[in-house]
Amino acid sequence: MRRRESVLEWMWNTVQRGERRIIRVMVLASVLLIVMQLSAVRDPLQFYMAVASKVEAPPLELPSLAKLVKTWQVTLKATPPAPILVIQNGQVIASLAKGEQQIMVQSGQIQLDGIGVSQTVRVQVLKKDSQLLEPRQNQTVVLQGDIQNLTVRP
């Protein structure tokens, strides 16, 4: 004769059967997931490249620095003509040895380097772009063997 189970034993057996079913479903789901991943990835290199491209993401769209750097045309005249160097951002952009020179400048400071020139030289702004506030039209800078700064500002 079969012994009658108590309610507590019945509940415990039901929980254990449910637990076994849950474990079986989890194992089956894990195996299915592994099989799906293996079928999706035929070429491991292609898979890693796809993951890397998603991780790295496309770069943010920032305005190009080349577009931000605007240049303006300025004509300088040295009287008397002398080897005055026009320097901007540490680079020589022109020499006023011929007297008059058209140059393309960016916003900021330009240096007029008259070191080594024994005579007094006047550098005049003959022409400038209409959008520039500085240097002023006909502005004159006097060099006596030194370096003078000229501001370029739109």
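The paragraphs below lead through this structure from its overall make-up to single residues and the pairs they form.

The model is a predicted one, in which local features need pLDDT of at least 70 and side-chain atom pairs count only at pLDDT 80 or more, while totals for chains, interfaces and linings use all residues. Residues are numbered from 1 along each chain as its sequence is written, and side-chain values use heavy atoms, with hydrogens and water left out.

The secondary structure of the chain comes to three helices and eight strands; here helices (H or I, at least four residues) and strands (E, at least two) are DSSP runs, numbered from the N terminus. Followed along the sequence, these elements give the pattern α-α-α-β-β-β-β-β-β-β-β. Of the 154 residues in the chain, 19% are buried, where buried means under 20% relative accessible area, exposed means over 50%, and partly exposed lies in between (1.4 Å probe, protein chains only). The accessible surface of the chain is about 12100 Å², and carbon and sulfur atoms account for 59% of that surface; such areas come from the Shrake-Rupley method with a 1.4 Å probe, and for residues, only the protein chains shown count as cover. When contacts between residues at least 6 apart in sequence are considered, 57% of them join residues at least 24 apart, a contact being heavy atoms within 4.5 Å.

We can begin with the helices. Helix 1 covers residues 7-40, and Val-31 has its place there. Val-31 is also one of the residues, together with Ile-23, Val-27 and Val-35, that make a nonpolar surface patch of about 350 Å². Patches are made of residues with over 30% relative accessible area and no salt bridge, with like charges joined within 9 Å and nonpolar side chains (Val, Leu, Ile, Met, Phe, Trp, Tyr) joined within 5 Å. Val-31 has a relative accessible area of 47% and is therefore partly exposed. As background, an α-helix has 3.6 residues a turn, so residues three or four places apart point the same way.

Helix 2, which runs over residues 44-56, has 13 residues and reaches 18 Å from its first C-alpha to its last, close to the 18 Å expected at 1.5 Å a residue; the expected span is 1.5 Å times one less than the number of residues. Helix 2 is hardly covered, since the count of buried residues among its 13 residues is zero.

The strands come next. Strand 1 (residues 71-79) and strand 6 (residues 121-128) pair in the antiparallel sense over six bridges, and two strands are said to pair if DSSP finds at least two bridges between them. Lys-77 stands opposite Gln-124 in strand 6. Strand 6 is also joined by four bridges to strand 7 (residues 140-143), again with the two running antiparallel, and here Val-121 stands opposite Leu-143 in strand 7.

Gln-88 is found in strand 2 (residues 85-88), and its relative accessibility is 5%, so it counts as buried. Apart from its neighbours within four places in sequence, Gln-88 is in contact with Ile-93, Val-105, Gln-106, Ser-107, Gly-108, Gln-109 and Ile-110. Asn-89 lies in the loop between strand 2 and strand 3 (91-95), and because its relative accessibility is 61%, Asn-89 counts as exposed. The phi of Asn-89 is near 55 degrees, a positive value in a residue other than glycine.

In the loop between strand 1 and strand 2 we find Pro-80, and the peptide bond from Thr-79 to Pro-80 is cis, with omega near -10 degrees. At 46% relative accessibility, Asn-138 counts as partly exposed.

Finally, the structure holds one salt bridge, meaning a side-chain nitrogen of Lys or Arg within 4 Å of a carboxyl oxygen of Asp or Glu. Arg-153 forms this salt bridge with Glu-134, and the closest N and O atoms are 2.9 Å apart. The pair links distant parts of the chain, 19 residues apart, with Arg-153 in the segment after strand 8 (147-152) and Glu-134 in the loop between strand 6 and strand 7. Arg-153 counts as partly exposed at 40% relative accessibility, and Glu-134 counts as partly exposed at 25%.
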